[in-house]
Every structure is written in C-alpha cells, then in structure tokens.
Amino acid sequence: MASLLSSSLPSCLPSLLFLLLQLTSSSADPFYWITPGVLVLIAVLPVLLLQITVGLVFLCLQRRLRGKLWAEIENLHRTFDPHFLMVPCWKITLFVIVPVLGPLVALIICYNWLHRRLAGQFLEELRNPF
C-alpha cells in the first residue's frame with residue numbers, strides 16, 4: 001500500500017504544480033483580492049482584537065480585585081467620618097467648568113490669531129496687487 005501511494009504521488013505532483021501556476025497566472029494583478037472591504041477588515045480587525053484583549057484583562061483584574069476593593073471601601077468608611085468625605089460644591093463646579101472653558105478659550109485665541117494673520121495677508125495683497 002505504501003509503495004503504491006509513493007509511486008503515484010510524484011506523478012500527480014507536476015500536474016498539481018501546473019494547475020497552481022495556471023491559476024495564479026490567470027490574474028494579471030497580484031493584489032486583485034484587496035477590496036475596500038478587505039482594507040476595512042485590515043484596519044479594524046487589529047484594533048478590535050486589541051480592544052477585546054484589553055477588555056478581558058480588565059474583566060479578570062476586576063474579578064480578582066472585587067473583594068479587596070470592598071474591604072478598602074469599608075476601611076475608608078471606618079477611618080474617615082462621612083462629613084469629611086463630602087466634596088464641596090465649588091470643587092465640583094471647578095472640575096466641571098475648567099475642562100470645558102480651557103479648550104474654549106484656546107479655540108478663541110487660535111481663531112483670533114488666525115483671523116488676524118489672514119486679514120493682514122489680505123490687506124497686504126490689496127496694497128500690492130502684483
């Protein structure tokens with residue numbers, strides 16, 4: 001049986017190679033399989049796999065630390081009086097307003113700078129048309 005299989009294998013190998021070469025040479029473009037869908041898959045799949053991996057790692061860590069976290073919270077409640085754990089209203093307002101107003105002020109400054117620069121360039125072109 002083994003001699004029959006080994007004797008028939010080399011005889012069919014050239015025909016398989018010829019068929020494979022014929023299939024690959026039939027398309028002139030070697031990148032015919034790259035379509036917009038494949039490009040999206042190449043772009044999205046690594047990010048999706050990374051996101052799933054990080055999510056599973058965090059889930060495992062959360063399950064491991066759940067008991068320790070409750071113990072720490074109990075220690076905090078025993079250590080501190082609840083009155084001292086309350087956050088004053090002005091701190092909450094500060095932490096809400098600063099992240100909103102900071103980028104808004106930066107945007108206004110950048111807009112004014114760009115407007116002055118473009119207006120100066122326009123006035124320069126009006127003074128010297130050629």
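Predicted model: local features only at pLDDT ≥ 70, side-chain atom pairs only at ≥ 80, totals over all residues.
Residues are numbered from 1 along each chain as its sequence is written, and side-chain values use heavy atoms, without hydrogens and water.

The protein chain has four helices and zero strands. Its elements run α-α-α-α from the N terminus. Helices (H or I, at least four residues) and strands (E, at least two) are DSSP runs, numbered from the N terminus. Of the 130 residues, 0% count as buried. Buried means under 20% relative accessible area, exposed over 50%, and partly exposed in between (1.4 Å probe, protein chains only).

An unreviewed UniProt entry annotates residues 38–61 and 92–114 as "transmembrane region". Such annotations may be inferred rather than shown by experiment. Residues 38–61 are 100% helix and 0% strand, with end C-alpha atoms 34 Å apart. Residues 92–114 are also 100% helix and 0% strand, and their end C-alpha atoms lie 34 Å apart.

Now to helix 4. This helix covers residues 89–127, 39 residues in total. From first C-alpha to last it reaches 56 Å, close to the 57 Å expected at 1.5 Å a residue. The expected span is 1.5 Å times one less than the number of residues.

V96 lies in helix 4. Is V96 buried or exposed? V96 counts as exposed because its relative accessibility is 51%.
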